[in-house]
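Please read the numbered points below beside the sequence and the model.

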Amino acid sequence: MSNLVVPRRSLLVGTAALAVAPATAFATNSPDLGKPAPGFTVVDSNGKSWSLTDLKGKVVVLETTNHDCPYVRKHYNARNMQTQQREAAAKGVVWLTLASSATGEQGYVTAQQANDLTRSRDAQPAAVLLDPKSQVARAYGATVTPHMYIIDANGMFVYKGGIDSIPSADVADIPKAKQYVRIGLDEVLAGKPVTDASTRPYGCTLKYPRTST
């Protein structure tokens, strides 16, 4: 199992510092690649229930998100995330955006806010799943936003890590980076093993529910 590492630094956005160290205090260990992906049943921003069991036979992408995170903004402002969502959908892949920030934490969204963000960013996921108790994020060992996962048509866990190879918030780095998720999806759809199956995730620390004192 790979050791998930992201740059230990903070970025100032407005008056808030966004920590980007791993959320190891809250996240569980990531499940093993090549094993069945953790199951889930979650309601989306339109009130529809999504179950991983029901998606068997489809390749699935999970994307953790926090709209206030500069790393997430990087990929949405450059339309990299939307482009990959559209490419995936055209190939029959089910792309699920996972809003896992806890209630009251940065990145938390109501159903209406999630839909407004989807429209304003012209995003094209199959659905935005609302995970305010971070249950799905915890099951997958998510530490940052965006943290990316691929599940193959047999329900097997085949990719975990970053969307690409350059851990920065700079839009200019996108064309220079190796696009891990795009390449991994093409390999899965071609019936090949994912070459870079476990890569370094980078981004803002995922905002898990705070522990009671």
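1. The model is predicted, with local features needing pLDDT of at least 70 and side-chain atom pairs counting only at pLDDT 80 or more, while totals for chains, interfaces and linings use all residues. Residues are numbered from 1 along each chain as its sequence is written, and side-chain values use heavy atoms, with hydrogens and water left out.

2. Helix α2 (residues 80-90) and helix α5 (residues 180-189) have axes that come within 11 Å and cross at roughly 5°. That angle makes α2 roughly parallel to α5 (angles under 35 degrees count as roughly parallel, over 145 as roughly antiparallel, 65 to 115 as roughly perpendicular and the rest as oblique). Axes are lines fitted to C-alpha atoms, for helices over the stretch in contact, and angles run from 0 to 180 degrees between N-to-C directions. Helices (H or I, at least four residues) and strands (E, at least two) are DSSP runs, numbered from the N terminus.

3. On the α2 side, the contact (heavy atoms within 4.5 Å) is made by Asn80, Thr83, Gln84, Glu87 and Ala88; α5 contributes Val181, Arg182 and Leu185. By class, this contact of α2 with α5 has 3 nonpolar, 3 polar and 2 charged residues (Ala, Val, Leu, Ile, Met, Phe, Trp, Tyr, Cys and Pro count as nonpolar, Asp, Glu, Lys and Arg as charged, and the others, Gly among them, as polar).

4. How many cavities of 30 Å³ or more are there? The count comes to 3. On a 1 Å grid over the protein atoms alone, a cavity is a set of points where a 1.4 Å probe fits but cannot get out, and a pocket is an open set with protein on both sides within 12 Å along at least five of seven lines; lining residues have an atom within 4 Å of a point. Grid points are joined across faces, edges and corners, and a volume is the space filled by probe spheres set on the points.

5. The largest cavity holds about 100 Å³ of space. Among its 14 lining residues, Thr65, Thr97, Leu117, Arg121 and Val128 are the closest to its centre. Helix α3 gives the largest share of this lining, 3 residues. The lining divides into 8 nonpolar, 5 polar and 1 charged.

6. The second largest cavity, of about 60 Å³, is lined by Gln84, Glu87, Ala88, Lys91, Arg182, Leu185 and Asp186. Both α2 and α5 give two or more residues to this lining, which has 2 nonpolar, 1 polar and 4 charged residues.

7. The second largest pocket has a volume of about 150 Å³. β3 (41-43) and α4 (135-139) each supply at least two residues of its lining, which divides into 7 nonpolar, 3 polar and 1 charged.

8. The whole structure contains 1 disulfide (a pair of cysteine sulfur atoms within 2.5 Å). Cys69 and Cys204 form this disulfide, with sulfur atoms 2.2 Å apart. The torsion about their S-S bond is about 90°, so the disulfide is right-handed. The two cysteines are 135 residues apart, with Cys69 in the loop between β5 (60-65) and α1 (70-77) and Cys204 in strand β11 (residues 204-205).

9. Two backbone details remain. A cis peptide bond, with omega about 0°, joins Thr145 and Pro146; Pro146 is in the loop between β8 (144-145) and β9 (148-151). Arg79 is not a glycine, yet has a positive phi of about 65°, and its place is in the loop between α1 and α2.
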